[in-house]
Amino acid sequence: MKTFKGLFVLMTCCVISSVTFAQNFSSDSKKEAQAPKKWFEKISLRGYAQVRYNRLLETNDKVKCEQCDKSWGENGGFFIRRGRLIFSGDISERLYIYVQPDFASNVSNSFQHSLQIRDAYFDLALDSKKEFRLRFGQSKVPYGFENMQSSQNRLALDRADPTNSPVSNERDLGIFFYWAKAEIRKRFAYLVSSGLKGSGDYGVFAFGLYNGQNANKVEHNNEPHVVSRITYPFKLKSGQIIETAIQAYTGKFVIEKNTKNKATESSFIDHRVAATLVVYPQPFGFQAEYNIGEGPEFNPSTTTTEVKKLNGGYAQVMYRQKINDNHITPFIKYQYYNGGKKHEIDARRYIVKDLEIGAEWQLKDYFELTAIYTISDRTFEDVALPDNHQTGNLLRLQAQFNF
């Protein structure tokens, strides 16, 4: 009997201990579940890479585009155009960070695939809905739809000369203010995530100050560039989305000159204004931009760089078709530009008339193959080549890997 009572007491104690342990364990688990994440646990990692070959069916290896793709033409071959990792995330309720290094930056024709920062910016939300934001750091300058559009999403392999020449590599160091209603910010996000080739969320209204010498370059004067942009993605009752925009910037740019250039000044007026129209491919689409302005341009007749008027734009039609889990998007793009390129030696003089006929095949979300036949007519002149007009055709191929 005593043994039975002892066992009963022991079992009772064990049950009480077990219940107490379970309660404590449950309480500790809830505390752990409710514990806030560390900032580094909120960072996501993604990336993409692009491998190109541009020499198929080439008719003239003197046709080149330094700004577009350094593997064009003579001595070009297989080429890693981009190799990027993107670290991003909301590390607090009001702070978002975005850091994007590129492992395939090309410092020169002989020094390729170097590591370079593309983006390193920090968004500070000024309200709980994050409709008002301040962006600090190196990021894309809000000028032009195609400039804002990631190369991961763009159909053409390169951005158009007329609207990309204002900001080489699309980026610079500065501070930018962005505003958009929460519902419109969701629409911007949808235009990218749905595969409709959106430009991303750079606000309905943007205003900013930036150095003006382009990304990863030191400032050469004490006069920042000023930029502003207004855009809006209208959604029709049919579901079709049409986006329009107007943007402008002004400042002074310090060029790099050949020693034989007779220009006495290195700092030049640099300002432009551009208009944008985008009809998203549902399934037919249309995209066009045009800009005018003034800036430095080499004059071969006087062997000097001077301020001259410039103008140019592009137009693109496309059709997006889903086949099983794949998307195929054929397109045609034409561009024209008459003006200088301030970030190239002597602010090279350009006259560009290019036609591109191509198609993008997107296999699910991890692989894309793009083929483009380019018919090019380019004049690009500086002190070293004061009379240089080249025409030619080539087939360009790109494999893109998303991860």
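**Entry: a patch residue and its surroundings**

I looked up Leu-209 and found its place in strand S7. I note that the model is a predicted one.

Two or more residues of the nonpolar patch come from each of S4, strand S5 (132-140) and strand S7 (205-210).

**Entry: Thr-264**

I located Thr-264 in the loop that runs between S9 and strand S10 (267-279). I class Thr-264 as exposed, because its relative accessibility of 73% is over the 50% limit. I also checked its distance to Thr-304, which is 40 residues away along the chain, and the two C-alpha atoms are separated by 8.6 Å.

**Entry: the second largest pocket**

I turned to the second largest pocket, for which I noted a volume of about 840 Å³. Its lining has 32 residues, and those closest to the centre are Lys-70, Val-107, Ser-168, Asn-169 and Lys-217. The elements that give at least two residues to this lining are strand S2 (79-90), strand S3 (95-105), strand S4 (114-125) and strand S9 (241-254). Which of them supplies the largest share of the lining? I found that S3 does, with three residues. Sorted by class, the lining of this pocket holds 13 polar, 10 charged and nine nonpolar residues.

**Entry: cavities**

How many cavities of 30 Å³ or more does a search of the whole structure find? I recorded four.

The largest cavity has a volume of about 70 Å³, and among its 13 lining residues Asp-158, Arg-159, Gln-335, Glu-356 and Arg-378 lie nearest the centre. Strand S14 (326-341), strand S15 (348-363) and strand S16 (367-381) each give two or more residues to its lining, which by class comprises eight charged, three nonpolar and two polar residues.

For the second largest cavity I noted about 40 Å³, with a lining made up of Glu-146, Gln-149, Arg-154, Leu-155, Ala-156, Lys-197, Gln-287, Gln-316 and Met-318. I counted three nonpolar, three polar and three charged residues in the lining of this second cavity.

Technical notes. Residues are numbered from 1 along each chain as its sequence is written. This is a predicted model: local features need pLDDT of at least 70, side-chain atom pairs count only at pLDDT 80 or more; totals for chains, interfaces and linings use all residues. Side-chain values use heavy atoms; hydrogens and water are left out. On a 1 Å grid over the protein atoms alone, a cavity is a set of points where a 1.4 Å probe fits but cannot get out, and a pocket is an open set with protein on both sides within 12 Å along at least five of seven lines; lining residues have an atom within 4 Å of a point. Grid points are joined across faces, edges and corners, and a volume is the space filled by probe spheres set on the points. Helices (H or I, at least four residues) and strands (E, at least two) are DSSP runs, numbered from the N terminus. Ala, Val, Leu, Ile, Met, Phe, Trp, Tyr, Cys and Pro count as nonpolar, Asp, Glu, Lys and Arg as charged, and the others, Gly among them, as polar. Buried means under 20% relative accessible area, exposed over 50%, partly exposed in between (1.4 Å probe, protein chains only).
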